[in-house]
Amino acid sequence: LGVLPNLYLLWTLLHLPATTITTCATIFIGINTFRCVFPNRYNNNIVLRDTVLSSIFITRLLATFSEVSWLIMLSEVAKDLNTLTVQSPTISLLADTLPPICILAQCFVWSSIILHTDSLMFWEEFFWFLLFIINTGINLVFLHHGHHSILITLSLLHGALYLPWQILNLKFILSLDDPPFCFSDVTVTRVVQGLKRAVWYRKQSVVREDWGGWIGESWMFCYWVVMPVWLATIVWEYEKMGAL
């Protein structure tokens, strides 16, 4: 569903200079195109196509780069808008926290995959919730001061839709039958086994429940199809403003 739209978005970016904004958008959209072809779900290593390209390890490695790129991009946009509008040191500082918090979230999702526990996935998702509280709050400040831009509107729209959904997602993760994580359970053997599982173990399935039901389906559609449009629109707006 998302392959052709994402390829089109990539095509629109090819002629643009390699700035931070365009590079981050290209990385995110390109990796999402790959994930549309080889989709998977970390819980129980569910895949659509039984190939090594669908491995959890490869997907997570690529997703780490795409997600950090995404938050670097949002951080740059927030700081640029801040320079053009309220010029607040606090907003600039908050914008600078977005990439580090994203990296912290990556640590939790990697730990969850390698140690094969859903309980750590809760903290990864919690930090994503925190990230977009910050990003939405920053853009609310811009709006409150009377500044209007498609860049602000898209961030606020994302926050209005994502934050309530993420609350439901966090409740869903807490409902999973997964024992609490204990540091005493971390051993070299478990880490090695987890890495091997992430690389090689796959369970091919088209069963809706294996993909997380409506929560999983809505996440895949919004993340792999809708989010790339948001990032491409940011680039187009920068091009329009002559800011690339």
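A disulfide is taken here as a pair of cysteine sulfur atoms within 2.5 Å. The model is predicted, so local features need pLDDT of at least 70 and side-chain atom pairs count only at pLDDT 80 or more, while totals for chains, interfaces and linings use all residues. Residues are numbered from 1 along each chain as its sequence is written, and side-chain values use heavy atoms, with hydrogens and water left out.

## Cysteines

A disulfide is a covalent bond between the sulfur atoms of two cysteines. The search of the whole structure returns 0 disulfides. Cys36 takes part in none, and the nearest cysteine sulfur to it, that of Cys222, is 12 Å away. For Cys107, the closest cysteine sulfur belongs to Cys102 at 9.9 Å, too far for a bond.

Exposure is given as relative accessible area: buried means under 20%, exposed over 50%, and partly exposed in between, with a 1.4 Å probe and protein chains only. Cys36, at 16% relative accessibility, counts as buried. Cys107, at 43%, counts as partly exposed.

## Aromatic rings

A pair of aromatic rings is described by the distance of the centres and the angle of the planes. Rings of Phe, Tyr and Trp (its six-membered ring) pair if their centres lie within 6.5 Å; planes under 30 degrees apart count as stacked, over 60 as edge-to-face and the rest as tilted. By this rule the structure holds 18 aromatic pairs.

In one of them, the ring centres of Trp70 and Trp230 are 6.1 Å apart and the planes stand at 90°, so the pair is edge-to-face. The pair links distant parts of the chain, since Trp70 lies in helix α3 (residues 56-84) and Trp230 in helix α8 (residues 213-241), 160 residues apart. Both Trp70 and Trp230 are buried.

Trp219 and Trp224 form another edge-to-face pair, at 5.6 Å centre to centre and 75° between the planes. Trp219 is partly exposed, with a relative accessible area of 27%, whereas Trp224 is buried at 5%.

## Helix packing

Helices (H or I, at least four residues) and strands (E, at least two) are DSSP runs, numbered from the N terminus. Two packed helices are described by the angle between their axes and the distance between the axes. The axes are lines fitted to C-alpha atoms, for helices over the stretch in contact, and angles run from 0 to 180 degrees between N-to-C directions.

| Helix | Partner helix | Angle | Axis distance |
|---|---|---|---|
| α5 (residues 119-144) | α6 (residues 150-175) | about 155° | 9 Å |
| α2 (residues 20-37) | α8 | roughly 155° | within 9 Å |

Angles under 35 degrees count as roughly parallel, over 145 as roughly antiparallel, 65 to 115 as roughly perpendicular and the rest as oblique. Accordingly α5 is roughly antiparallel to α6, and α2 is roughly antiparallel to α8.

A crossing is left-handed if the near helix is turned anticlockwise from the far one by less than a right angle, and right-handed if clockwise. α5 passes α6 in a left-handed crossing, and the crossing of α2 and α8 is left-handed.

Leu115 belongs to helix α4 (residues 89-115). Leu115 is buried, with a relative accessible area of 7%. Its C-alpha atom is separated by 5.7 Å from that of Gly194, 79 residues apart along the chain.

## Sheet and backbone angles

Two strands pair if DSSP finds at least two bridges between them. An open sheet is formed by 3 strands in the order β1-β2-β3, with mixed pairing. β1 (40-41) and β3 (203-204) stand at the edges with a single partner strand each, so one side of each has no neighbour in the sheet. Strand β2 (residues 46-47) runs parallel to β3 and is joined to it by 2 bridges. Opposite Val47 stands Gln204 in β3.

Most residues other than glycine have a negative phi, and most peptide bonds are trans. Asn45, not a glycine, has a positive phi near 55°. Asn45 lies in the loop between β1 and β2 and, at 5% relative accessibility, counts as buried. Gln87 also has a positive phi, of about 55°, although it is not a glycine. Gln87 is found in the loop between α3 and α4 and is exposed, with a relative accessible area of 57%.
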